[in-house]
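User: I'd like to learn how to read a few backbone and surface features in a protein model. Could you walk me through them?

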Amino acid sequence: MPGSLEGLKVLDLSRFIAGPLCAMQLADLGADVVKIERKGKGEDTRQNKPQLNGESLYFLSFNRNKRSLALDFRDAEDQALLRRLIAKADVLIENFRPGTMEKMGCGWDDVKKLNPRLIMVRVSGFGQSGPLSQRPCFDAIAQAMSGLMSISGQPDGPPTMAGTFMVDYASALYAAIGTLAALNARHSTGRGQLVEATLLESAVSMLISAIPEQAQLGSTMTRIGNIDRYSAPVNSYQTRDGDWVYVSAGTDTLFPRLAAAMERTDLLADARFNTYHARLENNRAIDKEVAAWVKARTAQDVVDAMDRAGVPCAKVATIDEVLENPQLKARNQLVDIEHPAAGTYTTHGVTVSLSDTPGTIRRPPPLVGQHTDEILAEWCGIAPAGRP
């Protein structure tokens with residue numbers, strides 16, 4: 001069954017996570033994504049560890065369903081070849097420092113003349129304009145500058161970054177959303193447009209209510225650990241066997257269920273806990289009651305009790321436990337891919353589910369320049385012997 005984006009031609013000039021992941025989302029949904037890399041080494045992240053038979057698992061995680069074409073970006077003939085490819089593309093994705101594409105004669109003003117239907121997707125730290133546009137940026141820098149890091153961690157601990165590159169992931173998804181919106185607009189106008197996603201703006205978008213709290217109420221959001229900012233009791237609690245479970249029973253519907261499961265219906269009569277606002281005001285007190293109950297039980301006992309009571313709860317899983325998660329297996333979210341160099345490796349599946357045009361994994365991540373000849377023949381009609 002063809003994918004929903006079948007026939008869409010995408011050039012992926014990006015590196016690291018945000019750009020490649022955006023392109024991979026389009027590829028999973030059926031687009032023909034050509035990853036353009038430097039001749040020789042390819043993308044820098046191909047060197048990242050850990051590796052499987054010399055292939056970076058980091059690179060493999062963001063580049064499936066793509067073909068690779070190798071160019072020398074500093075070579076005038078290869079730059080001309082890149083412009084020929086751009087003239088044939090529907091989407092161009094890049095995340096170089098602002099100004100780099102312009103130096104290659106491939107800035108927005110250049111490429112929209114080559115291809116008026118082109119959608120150019122630019123992912124950067126701070127955007128193509130503004131006083132910080134030229135400053136280098138990575139995920140953790142955006143977490144720090146956006147304020148995300150200041151609200152993450154324990155109250156008495158240092159500012160803490162997330163355990164994964166969440167800003168890169170969010171930027172990739174915003175870029176993909178922008179791409180799809182631009183494609184839809186092109187159906188009406190016949191014209192492409194410029195799409196921008198930035199790490200800083202993506203990070204700021206995840207601040208929940210921190211901005212209006214500061215601007216309108218003068219209240220600065222701070223680190224609070226794993227409790228919920230907006231309801232109680234919600235937290236991670238250590239069990240008798242040393243594991244951790246996360247229990248979320250902060251609403252007026254869920255709290256009575258928790259109290260019944262704990263055999264502590266007396267809590268419902270306590271003025272500190274019998275309403276949503278009262279529990280939130282006395283968050284630490286109700287938290288201690290739940291923590292004591294959990295501490296006397298195993299993780300499995302707590303999860304089973306909460307499941308019977310209809311209270312959201314989960315054991316804090318380790319990654320080896322994630323690999324055995326029956327729900328993920330049932331939903332095809334843990335898949336094996338056969339790679340020509342790495343061999344077989346397990347990774348996440350296609351995340352978005354479509355009933356009629358589902359995404360698929362059709363290709364393993366490519367080797368550097370693996371498809372150069374076939375892409376040039378298909379896109380530009382250049383036979384291998386006629387390459388510059």
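User: Is glutamate 263 buried or exposed?

Analyst: Relative accessible area decides: buried means under 20%, exposed over 50%, and partly exposed in between (1.4 Å probe, protein chains only). Glutamate 263 is exposed, at 71%. This is a predicted model, where local features need pLDDT of at least 70, side-chain atom pairs count only at pLDDT 80 or more, and totals for chains, interfaces and linings use all residues. Residues are numbered from 1 along each chain as its sequence is written, and side-chain values use heavy atoms, leaving out hydrogens and water.

User: Where is glutamate 263 found?

Analyst: Helices (H or I, at least four residues) and strands (E, at least two) are DSSP runs, numbered from the N terminus. Glutamate 263 sits in the loop between helix 10 (254–261) and helix 11 (276–281). Its phi is positive, about 55°, although it is not a glycine.

User: Which loop holds asparagine 53?

Analyst: The one between strand 3 and strand 4 (55–56). Asparagine 53 also has a positive phi of about 55° without being a glycine, and it is exposed, with 57% relative accessible area.

User: Which peptide bond is cis at proline 50?

Analyst: The bond joining lysine 49 and proline 50, with omega about 5°. Proline 50 lies in the loop between strand 2 and strand 3 (51–52). Another cis bond runs from alanine 232 to proline 233, with omega near 5°.

User: How many residues of strand 5 are buried?

Analyst: In strand 5 (residues 66–71), 6 of 6 are buried. One side carries Lys66, Ser68 and Ala70, the other Arg67, Leu69 and Leu71.
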